Amino acid sequence: MALLSKKDANLIKDPLGDNNPITIQVLGICSALAITAELKASVVMAISVLFVMGVGNVVISLIRNIIPSKIRIIVQLVVVAALVIIVDQVLKAFAYDLSKTLSVFIGLIITNCIIMGRFEAFALGNGPRRAFLDGIGNALGYGVILVIVGFFRELLGSGTLFGIKVLGDPIAKTGLYAIGYENNGFMIIPPAALIVVGIIIWVQRSRNRALIEEA
Amino acid sequence: MLEHLELFFRSIFIDNMVFAVFLGMCSYLAVSKRVTTAVGLGAAVIFVLGVTVPLNWLLDKYLLQDGALVWLGPEYADYDLSFLSFILFIATIATMVQLVEIVVEKFSPSLYNSLGIFLPLIAVNCAILGGSLFMQAREIPNIGLALNYGISSGIGWFLAILAIAAIREKIRYSNVPAPLRGLGITFIITGLMGIGFQSFGGMLTGDNDPPEEIQNTTVETKEEKELKKEIEAKKETISYNEAINK
């Protein structure tokens, strides 16, 4: 870590663990959970958010001294919306099927609270380099949860990962299915995502007791 | 009339903003600790959705859709500005929220005091932008239905936040495992409520399509619509050519 001072490295490390945007800060759940039924969609969503947050944080940080504070929300929305349009058009051009699966949820990155939250809390008060690291860190923390949820939902719900049948063929009864294993269709329906995130929070807080909320 | 009723109940129960598509989760989790604040935010969401969805419907119809600019003249028929929808929708929402705030402050200070702090929050509530984007994706055919869709989705969101706030007020007296306290148990309860709401799925049409399949069908209809549009465009050019030949 010669490239980064300890303080800068923490900007990336903290959101991955004890200051995770989803499980601790409770930001950005809105557009995240609906698309985690498949691992592929989760990964694409994580990358899209990584791009929007990294670039967006730098842009906001660069213009932070010339934004009048009264209209900063609208300025931030315009910056995010422009970046999201780029992501949307790229996806439509190079991964049309995927952009159909993600449908409106790419657009909803705009109102992802995680992005506005980091703009407000960090990019408006820090230089572009640190803002970039903060954006990358938080987007990674967000992506990690998304990928974990997507992994378990796809594996347990359809027995596949990235669409590849890793547990055998449920119709031909090969692999695990030969000994009577069945897919859990429950994992595919939307509410299962909430329960999986609830369990992730449970595991994380059992391991780090300092995070437990007072009742 | 029947389609209004169907859309109304469908948006409240089957396609519930919170339980079926997870929109507005951030404020749903953050502002649901007390019933009274939950009611304030819920009312504000109904109001703003009821205003912005019809407005964005007009924008979509007369500005953004493929060929929507045809009212300017036949030479504009080829313009497709739909890639601008995100930025225009969010601009409409942000300005409307500001306007609503000013108007409410002026004419009803008591309502402003109860809603006031929540209104600026709403500009970045995904339920609001989601309402407009779903209105576009589901191709709501006329402005009356768009208004209906906005208000009934708002009511669905209102019901959800009211229910979770009431449960959270009571759950304080229960013995929840320490690591699950607060956020964790709220997630799991919401998940269980979502499973409950899934059972409304067969209420209207008698089919038991899970939401995934509903999403697929909207995608298909979009494709079909594109095909139809192509055909129509061809028909138009043919009739146009015929007119020229005459």
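A crossing of two helices is right-handed if the near helix is turned clockwise from the far one by less than a right angle. The legends below describe close-up views of a predicted model.

**Figure 1. Helices α8(B) and α9(B) cross with right-handed geometry.** Helix α8 of chain B spans residues 143-171, and helix α9 of chain B spans residues 183-198. The two pack at an angle of about 130 degrees. Their axes are 11 Å apart. From α8(B), the contact draws on A160(B), A163(B), I164(B), I167(B), R168(B) and I171(B). From α9(B), I185(B), T186(B), I189(B), T190(B) and M193(B) take part. By class, this contact has eight nonpolar, two polar and one charged residues.

**Figure 2. Helices α3(A) and α6(A) pack at an angle of about 130 degrees.** Here α3 of chain A covers residues 72-94, and α6 of chain A covers residues 113-121. The axes lie 11 Å apart. At that angle, α3(A) is oblique to α6(A). The crossing of α3(A) and α6(A) is right-handed. On α3(A), the contact is made by R72(A), I73(A), Q76(A), L77(A) and V80(A). On α6(A), the partners are I115(A), M116(A), F119(A) and E120(A). The contact of α3(A) with α6(A) has six nonpolar, one polar and two charged residues.

Figure 3. Is I85(A) buried or exposed? Its relative accessible area is 11%. Buried means under 20%, so I85(A) is buried. I85(A) and I110(A) are 25 residues apart in sequence. In space, their C-alpha atoms are 9.5 Å apart.

**Figure 4. Y28(B) sits in the largest nonpolar core.** This core holds 105 residues. Which of them touch the most other members? They are L23(B), Y28(B), W157(B) and F187(B). A second, separate core has five residues, including L39(A), L155(A), L161(A) and Y177(A). Back at Y28(B), neighbours within four places in sequence are left aside. The contacts of Y28(B) are then V18(B), F19(B), W157(B), A160(B), I161(B), I164(B) and T190(B). Among these, A160(B) and I164(B) also belong to the α8(B) side of the contact in Figure 1, and T190(B) to the α9(B) side.

**Figure 5. E139(B) has a positive phi.** Phi of E139(B) is near 55 degrees, in a residue other than glycine. Where is E139(B) found? E139(B) is in the loop between α7 (126-137) and α8 of chain B. Its relative accessibility is 28%.

**Figure 6. Chain B has ten helices and zero strands.** Along the sequence, the pattern reads α-α-α-α-α-α-α-α-α-α. Chain B has 246 residues, of which 45% count as buried. What share of the contacts in chain B with a separation of 6 or more comes from residues 24 or more positions apart? The share is 76%.

How values were computed. Residues are numbered from 1 along each chain as its sequence is written. Chains are lettered from A and ligands numbered from 1 in the order in which they are written. This is a predicted model: local features need pLDDT of at least 70, side-chain atom pairs count only at pLDDT 80 or more; totals for chains, interfaces and linings use all residues. Side-chain values use heavy atoms; hydrogens and water are left out. A nonpolar core is a set of buried Ala, Val, Leu, Ile, Met, Phe, Trp, Tyr and Cys residues joined through side-chain atoms within 4.5 Å. Buried means under 20% relative accessible area, exposed over 50%, partly exposed in between (1.4 Å probe, protein chains only). Contact means heavy atoms within 4.5 Å. Axes are lines fitted to C-alpha atoms, for helices over the stretch in contact, and angles run from 0 to 180 degrees between N-to-C directions. Helices (H or I, at least four residues) and strands (E, at least two) are DSSP runs, numbered from the N terminus. Angles under 35 degrees count as roughly parallel, over 145 as roughly antiparallel, 65 to 115 as roughly perpendicular and the rest as oblique. Ala, Val, Leu, Ile, Met, Phe, Trp, Tyr, Cys and Pro count as nonpolar, Asp, Glu, Lys and Arg as charged, and the others, Gly among them, as polar.
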